[in-house]
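Please look at the sequence and the structure shown below before you read on. The briefing that follows takes up one topic after another.

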Amino acid sequence: MTTDGNSWNPTRRRLLQAGAVLGTAQLASPFVQLARAADVVRIGMDNPLTGTYAALGKNEQTGAQMAVDQINAKGGILGRKVELLIEDSTSGDAGVAVQKARKLIDRDQVNFIIGNVNSALAQAIANVANEKRVFHVVPGGHTDSVTGKNCHWSTFRVCNTTQTEANAVASALVKKAGKKWYYLTPDYAFGHTLQAGLEAAGKKLGVTKVGGALTPLGTTDFSSYLIKAQAANPDVIIFLQAGDDAVNALKQAVQFGLNKRFHLAGAQQELEVLEGLPPEARVGTWVFEWYWNQPNVPHVADFVAETRKRTGGHVPTARHYFGHTAIWTCALAAQKANSLDAVKMARAMQGFELPPEIALMPDGAFYRAGQNQMIGDLYVGHAQSKGASDPEDLFVVDQVVDGKKVSPTLAETMCHQDWPKA
Amino acid sequence: MKFDLRQNALNIVIWVLLITMPAWMNAIGGYTQLGTQVVIMGLAAMALNFLLGHTGVLSFGHAAYFGLGAYGVGMTIRYLDASTPLGLLVGVLAGAVAAALIGPLIVRRRGVYFAMVTIAFGQVFYFIAVRWNTVTGGDDGLTNWHRQNIDLGLFKINIMDSAIHFYYFALVIFALAVGLMASILHSPFGRTLIAIRENERRTRFIGINVNFHIWMSWLVSCTFMALAGALFALQNNFVDPHSLYWTQSGIFVIMCVLGGMRSFWGPLVGAAIYVVLQDYLSSLVSDYWQFFIGLVFVAVVLFFPRGVMGMLRRRAVE
């Protein structure tokens, strides 16, 4: 202490306050962004990490991170290191998804944007990406319009359109179960288009719709819908729910004993859902978009082994595959265009055939020109309560359907792309 | 009237911060849209606080009017005429008309009953937006429209492409709305509302028509809410039914409580805290960010029941 009268005399309270301020400043440091090196390629992932699609979103993220690590191990994108930025879009709030997309594009200056599991959110992000001219990949949001009526030159999609899935599964259902169908449909874009797709595919095979109910996203109690379905006395009750909704719906249907009286089925099914079900509820005819147990397809075993290392021994699901393929799509686009310009990259990807170690499907996969939709194989089969060789082998592939044969034609998709004049 | 610097210090600080925002926002790791979000959510929270803090009536259905404003502007630009001012006008009118019609049905209720009836009416609009797929886009939201530039004759405001232009556009509207709100609060009408808040029975005995005043306050509050909603839709170029959902109403109430319901600027501070915290936390801990927001809210309610502004004021008095 100096003897000066105006000396700074720290009281205990002052010191505590200063300590608190310093402590807060430490917390704030990630917010105060350090200048980022310009030699980094950034990929923004705007995907659900909370809510009904959290499990699917996290698996896509694991697959994406794996792809990023693979790309970095091979020297990055155009010689630059790749960095994956993650944002939670929530499972159903498109306002948040849009805000996060703008944050990634405007603040973080990402070169690519990935998202979303929820079709509605995928469409919302696609519109932002198109407005901002950012290369966008939808890993797993299925509604037709994303690469159909509302398609953009800037948006590419890995997972199938709902119409393709419906076409793939419809004939198997008629053969196995019958022609009177009842629909339980989640009340948003994905559900609506999936039902419309099944109705269109079914009509060609002489299927009649005996009824249907729309269930809000996030429904936990399906009993009233199941009673209605029962009363309609169909051959097949079609479940179009995804994520936790599908788990709840199927679990309750089996508790009601509906699987003994009707054929339970649906279009799209996921390993996450089957794993979430009690063994007796793993029933029905479904279509998988990718399945890990493909002993005759090269590179699949490597992909499974590498995923197991990251997931504590779990096999990859279609969601891991989507995330992985989405990131590799970005890397391959930059490589082929030899540029990070979104328009040049999108042009380079028209009709692009994915290399076999990325496609991981018996007939390969490519991005259809004029629509930016990936077309690969689909796996039609039935669920089983217990795997013979592996506890996670819960699906039996009865038939691999070539996507080229069941996809709607380019004219049928009604996709019209407005390319910017360069 | 003499200008008292000490009394106006807070106003000056807030306006200086708001006006210079684009200059420092990027330096501290934010981005212009985040500032716009704060201004718009601040306007919404202040609109709610007109009813909640200054009239003492709790509404849990204000998101309905926020959403009506948003759908009003979106549908006008999409279906009627690609004009931003017309869209804003239609959005605000939609919210105001709905509030004026619903008001008489609910002003006789008090306390939790009022809150519940407001939720019920709010959900009506939510389900209309979700079910009326062909017009509102249903759960997917209303897309394929875009805010339009404003032509003022002498010069054009390029709000379509420039985030900074849109920020100042929102800020000017915010300033007009907040100025209007402040002058209403300082009028005899505003004083009557505060009297209702402090002691409703006594106010009634003086001979004031309490229900009519609550209806008027509700109408003013919902109208400003619709304005905020319209700006929100313009910012995102997108509307979805979530903006009408009752949980969104809850978020507005949280903003008011965080900032301080008794203070004029409290809700703006609360909105800033909420928006920035959400933005920051969801990047930092993407899985659990909602947990931390809840934690902050609980901490504020426990330790600063009058909100951040209430706490600051108490400090100043001491």
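What percentage of the 318 residues of chain B count as buried? The share is 49%, where a residue is called buried if 20 or more other C-beta atoms, placed from the backbone, lie within 10 Å of its own. This is a predicted model, in which local features need pLDDT of at least 70 and side-chain atom pairs count only at pLDDT 80 or more, while totals for chains, interfaces and linings use all residues. Residues are numbered from 1 along each chain as its sequence is written, and chains are lettered from A and ligands numbered from 1 in the order in which they are written.

**Overall form of chain B**

- Chain B contains 15 helices and two strands, which are DSSP runs numbered from the N terminus (H or I over at least four residues for helices, E over at least two for strands).
- Among contacts in chain B between residues at least 6 apart in sequence, 73% join residues at least 24 apart, a contact being a pair of residues whose C-beta atoms lie within 7 Å.

**Where chain B meets chain A**

- In this interface, 24 residues of chain B are in contact with 26 residues of chain A.
- On the side of chain B that touches chain A, α13 (266-284) and α14 (289-303) of chain B each supply at least two residues, and the largest share, five residues, comes from α13(B).

**B:Trp215 and its surroundings**

- B:Trp215 lies in helix α11 (residues 210-236) of chain B, and it is buried because 20 other C-beta atoms are within 10 Å.
- Leaving aside neighbours within four places in sequence, B:Trp215 is in contact with B:Gly103, B:Pro104 and B:Val107.
- Although B:Trp215 and B:Leu105 are 110 residues apart along the chain, their C-alpha atoms are separated by 9.5 Å.

**The largest nonpolar core**

- The largest nonpolar core has 217 residues, of which A:Ile238, B:Ala44, B:Ala226 and B:Ala228 touch the most other members; such a core is a set of buried Ala, Val, Leu, Ile, Met, Phe, Trp, Tyr and Cys residues joined through C-beta atoms within 7 Å.
- Helix α11(B) gives the most to this core, with 16 residues.
- Not counting residues up to four places away in sequence, A:Ile238 touches several residues, among them A:Trp181, A:Leu198 and A:Ala265.

Technical notes:
Buried ≥ 20, exposed ≤ 12 C-beta atoms within 10 Å, placed from the backbone. Contact = placed C-beta atoms within 7 Å.
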